[in-house]
Amino acid sequence: MAASVQCLSSSCWPISSKFQSLSLKTDNSCSSAFKPLGFSSNTSVNVFSTGFASIRPVERQLGKLIVCEAATTKKPDQAAKRARQSEKRRLYHKAHKSEVRTRMRKVLESLEVLRKKTDAQPEEVITVEKLIAEAYSVIDKAVKVGTLHRNTGARRKSRLARRKKAVEIHHGWYTPSPELTA
């Protein structure tokens, strides 16, 4: 009986034309699974250096076939995984940054409106302080999850506090002590 070599999976089709000689050697862990095999073709490429091959004889009515399946043991592409992770993270951070900018803009707009009022009362600062407290909370959460650096968060909170103090000084509701200005 003549043995013919035939590949049954689509990943095996190009293999038989890509190597001159194939020799599978067993190691101690799978000594009973593989038997040495050798055959020839026209070109020489070591196809099995990065994967494993499973070779098993199959009995058919017409004769013996050798089934060759070659598969790489390579892990999924890490660059693709990192790209997926960074895109997910980018959208997450984008939402946090947008929320921080929105809260800061609302505070600064309300402070600007309060500054331009000629008949403003000190009680009107309470609504602005509530907006500032919400903005502080959002900034602190963005720093906590790593969207903003802690110095950036501190700078933005300081900016809001300085603008509020400037409005209070403008209307005369707050007078800075002389030793702090010197």
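Predicted model: local features only at pLDDT ≥ 70, side-chain atom pairs only at ≥ 80, totals over all residues.
Colleague: How do I check the length of a helix, taking H1 as the case?

Modeller: Compare the expected span with the distance between the end C-alpha atoms. Helix H1 covers residues 78-116, which is 39 residues, and at 1.5 Å a residue it should span 57 Å. Its end C-alpha atoms are 56 Å apart, so the two values agree.

Colleague: Which residues of H1 are buried?

Modeller: The general idea comes first. An α-helix has 3.6 residues a turn, so residues three or four places apart point the same way. In this structure the buried residues of H1 are His93, Val100, Met104, Val107, Ser110, Leu111 and Leu114. They pack against helix H2 (125-145) and helix H3 (150-171).

Colleague: How is the packing of two helices described, and are H1 and H3 parallel or antiparallel?

Modeller: Two packed helices are described by the angle between their axes and the distance between the axes. The axes of H1 and H3 come within 10 Å and cross at roughly 10°. An angle under 35 degrees counts as roughly parallel, and H1 and H3 are therefore roughly parallel to each other.

Colleague: Which residues of H1 and H3 meet?

Modeller: On the H1 side they include Val100, Met104, Val107 and Arg115, and on the H3 side they include Arg156, Leu160, Val167 and His171. Sorted by class, this contact of H1 with H3 has nine nonpolar, two polar and five charged residues.

Colleague: At what angle do the axes of H2 and H3 cross?

Modeller: Their axes cross at roughly 170° and come within 9 Å. An angle over 145 degrees counts as roughly antiparallel, and H2 and H3 are therefore roughly antiparallel to each other. Among the residues that meet are Val125, Glu129, Ile132 and Tyr136 in H2, with Gly153, Lys157, Leu160 and Glu168 in H3. This contact of H2 with H3 has eight nonpolar, one polar and seven charged residues.

Colleague: How many residues does the largest nonpolar core have?

Modeller: It has 16 residues, and those with the most contacts inside it are Val100, Val107, Leu114 and Leu160. H1, H2 and H3 each supply at least two residues of this core. The largest share, seven residues, comes from H2.

Colleague: What is Leu160 in contact with?

Modeller: Leaving aside neighbours within four places in sequence, Leu160 is in contact with Met104, Val107, Leu108, Leu111, Ile132, Ala135, Tyr136 and Ile139.

Colleague: Is Glu168 buried or exposed?

Modeller: Compare the relative accessible area with the cut-off: buried means under 20%. Glu168 lies in helix H3, and with a relative accessible area of 15% this residue is buried. Not counting residues up to four places away in sequence, Glu168 touches Val125, Glu129, Trp173 and Tyr174.

Colleague: Which class does Lys157 fall in by relative accessibility?

Modeller: Lys157 is also placed in helix H3. At 23% relative accessibility, Lys157 counts as partly exposed. Residues up to four places away in sequence aside, Lys157 touches Tyr136, Ile139 and Asp140. The C-alpha atoms of Lys157 and Ala133 are separated by 9.7 Å, although the two residues are 24 residues apart along the chain.

Note on methods: Residues numbered from 1 in each chain as written. Heavy atoms only, no water. Helix = DSSP H or I, 4+ residues; strand = E, 2+ residues; numbered from the N terminus. Expected span 1.5 Å × (residues − 1). Buried < 20%, exposed > 50% of the residue type's maximum accessible area, 1.4 Å probe, protein only. Contact = heavy atoms within 4.5 Å. Axes fitted to C-alpha atoms, helices over the stretch in contact; angles between N-to-C directions. Parallel < 35°, antiparallel > 145°, perpendicular 65-115°, else oblique. Nonpolar A, V, L, I, M, F, W, Y, C, P; charged D, E, K, R; others polar. Core = buried A, V, L, I, M, F, W, Y, C linked by side-chain atoms within 4.5 Å.
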